[in-house]
Amino acid sequence: MPNPKTPIERSRHDVRFSISIPIEYEKVYSIAKEKIVKKTIARDLSGGGIQFETDEDIPKGIKLSLRIKMPKLGKFFTVNAEVTHSKKISSGVYDIGAKFLNISQEAKEAINMFYYINRFERKGPIATYQK
């Protein structure tokens, strides 16, 4: 009898891919008086979430506002996310994973387009036509 998929496996419908693009993030606090925006590089991206490295441990459940730049598309988009994991990978460096909470259809489409552009550049066309 096959093993049923876990909820995470069942819910992952988006293509996840390695990437290196600039992002900005800030923790979303209801009582914050001053915004602290940090810049870093995204390492992994999908229509459902993001992974990045930073110099601070951000606990699971913390809400973030992310500004993601898609250089090859000339687009920026802002999305709210919730931290799903934080792992120390070296001295003063943490790997942060976050799921998107309110991603727009336009942003999802930009992520998919960015994936296909990068894939094409690395591997070339999927097929070529010859007469």
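Me: A contact here means heavy atoms within 4.5 Å. Among contacts between residues at least 6 apart in sequence, what share joins residues at least 24 apart?
Reply: This is a predicted model. Take the contacts in the protein between residues at least 6 apart in sequence. The share of them that joins residues at least 24 apart is 54%.

Me: In what order do the helices and strands run from the N terminus?
Reply: The protein has 2 helices and 6 strands. From the N terminus on, the order of these elements is α-β-β-β-β-β-β-α.

Me: Is aspartate 44 buried or exposed?
Reply: Aspartate 44 sits in strand β2, residues 38-45. Its relative accessible area is 12%. Buried means under 20%, so aspartate 44 counts as buried.

Me: Which residues does aspartate 44 touch, not counting residues up to four places away in sequence?
Reply: Set aside the residues up to four places away in sequence. The residues that aspartate 44 then touches are Arg16, Phe17, Ser18, Ile19, Gly49, Ile50 and Gln51.

Me: What percentage of the accessible surface belongs to carbon and sulfur atoms?
Reply: Of the 131 residues, 31% count as buried. The accessible surface of the protein comes to about 9,100 Å². The part belonging to carbon and sulfur atoms is 52%.

Me: Which residues is isoleucine 68 in contact with, leaving aside its neighbours within four places in sequence?
Reply: Isoleucine 68 is among the core members that touch the most others. Leave aside its neighbours within four places in sequence. The contacts of isoleucine 68 are then Ile21, Pro22, Ile23, Ile50, Lys75, Phe76, Phe77, Val79 and Phe100.

Me: How many of the residues lining the second largest pocket are charged?
Reply: This pocket holds about 220 Å³ of space. It is lined by 11 residues, and Glu26, Lys27, Tyr29, Glu34 and Ile36 are the closest to its centre. The lining has 5 nonpolar residues and no polar ones. The number of charged residues is 6.

Me: Which element gives the most to the lining of that second largest pocket?
Reply: The contribution is 3 residues. The element that supplies them is β1.

Notes: Residues are numbered from 1 along each chain as its sequence is written. This is a predicted model: local features need pLDDT of at least 70, side-chain atom pairs count only at pLDDT 80 or more; totals for chains, interfaces and linings use all residues. Side-chain values use heavy atoms; hydrogens and water are left out. Helices (H or I, at least four residues) and strands (E, at least two) are DSSP runs, numbered from the N terminus. Buried means under 20% relative accessible area, exposed over 50%, partly exposed in between (1.4 Å probe, protein chains only). Accessible areas come from the Shrake-Rupley method with a 1.4 Å probe; for residues, only the protein chains shown count as cover. A nonpolar core is a set of buried Ala, Val, Leu, Ile, Met, Phe, Trp, Tyr and Cys residues joined through side-chain atoms within 4.5 Å. On a 1 Å grid over the protein atoms alone, a cavity is a set of points where a 1.4 Å probe fits but cannot get out, and a pocket is an open set with protein on both sides within 12 Å along at least five of seven lines; lining residues have an atom within 4 Å of a point. Grid points are joined across faces, edges and corners, and a volume is the space filled by probe spheres set on the points. Ala, Val, Leu, Ile, Met, Phe, Trp, Tyr, Cys and Pro count as nonpolar, Asp, Glu, Lys and Arg as charged, and the others, Gly among them, as polar.
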